[in-house]
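Student: I have a model open and want to go through its contacts. Can we start with the charged pairs and then move to the packing?

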Amino acid sequence: MRIGSRNDGAKTAPSKIPAAARREKALELRAKGMSIRAIAGKLGVSKSQVQRDIVKELQAAAVDRKKIAGHIIDLELAKLDALEKKAWEHITDGELSAIDRVLRSMERRAKLLGLDAAEKIEHSGVVSWMELVKSATNTNEGRDGSA
């Protein structure tokens, strides 16, 4: 049995803060071009720990980007709703040229939601980022003598 606070396993436990800060620092240093070996030495952890930290941070960033994109799409759809409502008022008042505005709005909505796509392909960006990190790790180590 582990001795310590009952909340040590919680995602927000005080013991998790140093690891989170280390992961951020590892990604920051890697983005600046530092080798995995140099980062490991600077942070006092193994190379494999640095790689796990970087992958975990990139995955978290991808999740955050998806959430932000979802919020932006929701805002855009709300704007389209308001525009369409106003355009429909013009149409019911006999202004038939407003039909084009409604159709353009409908096209934009379909595009935002991917309704007109022949085949919707989901891509989170996580795989390509992980491949990029692995590729950079494999190609840069040993070149400058620091990896």
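**Charged pairs and packing**

Tutor: Lys79 and Glu76 are both in helix H3, three residues apart, about one turn of the helix. Keep in mind that this is a predicted model.

Student: How far apart are the closest N and O atoms of Lys79 and Glu76?

Tutor: They are 3.2 Å apart, and the two residues form a salt bridge.

Student: And are Lys79 and Glu76 buried, partly exposed or exposed?

Tutor: Lys79 is partly exposed, as its relative accessible area is 49%. Glu76 also counts as partly exposed, at 26%.

Student: How many salt bridges does the structure hold?

Tutor: Nine.

Student: Which residue does Arg109 pair with?

Tutor: Arg109 forms a salt bridge with Asp81, with 2.7 Å between the closest N and O atoms. Arg109 is in helix H4 (residues 98–113) and Asp81 is in helix H3, so this pair ties together parts that are 28 residues apart in sequence.

Student: Is Arg109 buried or exposed?

Tutor: Buried, because its relative accessible area is 18% and the cut-off for buried is under 20%.

Student: What does the Glu28 side chain meet in a salt bridge?

Tutor: The side chain of Lys32, at 3.4 Å from N to O. Lys32 is exposed, with 63% relative accessible area.

Student: Which residues are linked with Glu28 in a network of salt bridges?

Tutor: Lys25 and Lys32; together with Glu28 they make up the network.

Student: How far is Glu28 from Ile39 in space?

Tutor: The C-alpha atoms are 9.8 Å apart, and the two residues are eleven apart in sequence.

Student: What is Leu29 in contact with, leaving aside neighbours within four places in sequence?

Tutor: Met34, Ile39 and Lys42.

Student: What is around Asp53?

Tutor: Not counting residues up to four places away in sequence, Asp53 touches Arg22, Arg23 and Ala26. Its side chain is also joined to that of Gln49 by a polar contact of 2.8 Å.

Student: Last topic, the surface. Which residues form a nonpolar patch there?

Tutor: Leu96, Ile99, Leu103 and Met106, with about 370 Å² of accessible area together.

Student: Where is Met106 placed?

Tutor: Met106 is in helix H4. With a relative accessible area of 45%, Met106 counts as partly exposed.

How values were computed: Residues numbered from 1 in each chain as written. Predicted model: local features only at pLDDT ≥ 70, side-chain atom pairs only at ≥ 80, totals over all residues. Heavy atoms only, no water. Polar contact = N/O pair within 3.5 Å; in protein donor to acceptor, adjacent residues only side chain to side chain. Contact = heavy atoms within 4.5 Å. Salt bridge = Lys/Arg side-chain N within 4 Å of Asp/Glu carboxyl O. Buried < 20%, exposed > 50% of the residue type's maximum accessible area, 1.4 Å probe, protein only. Helix = DSSP H or I, 4+ residues; strand = E, 2+ residues; numbered from the N terminus. Patch = residues over 30% accessible without salt bridge, like charges linked within 9 Å, V, L, I, M, F, W, Y side chains within 5 Å. Areas by Shrake-Rupley, 256 points an atom, 1.4 Å probe, with all protein chains shown as cover.
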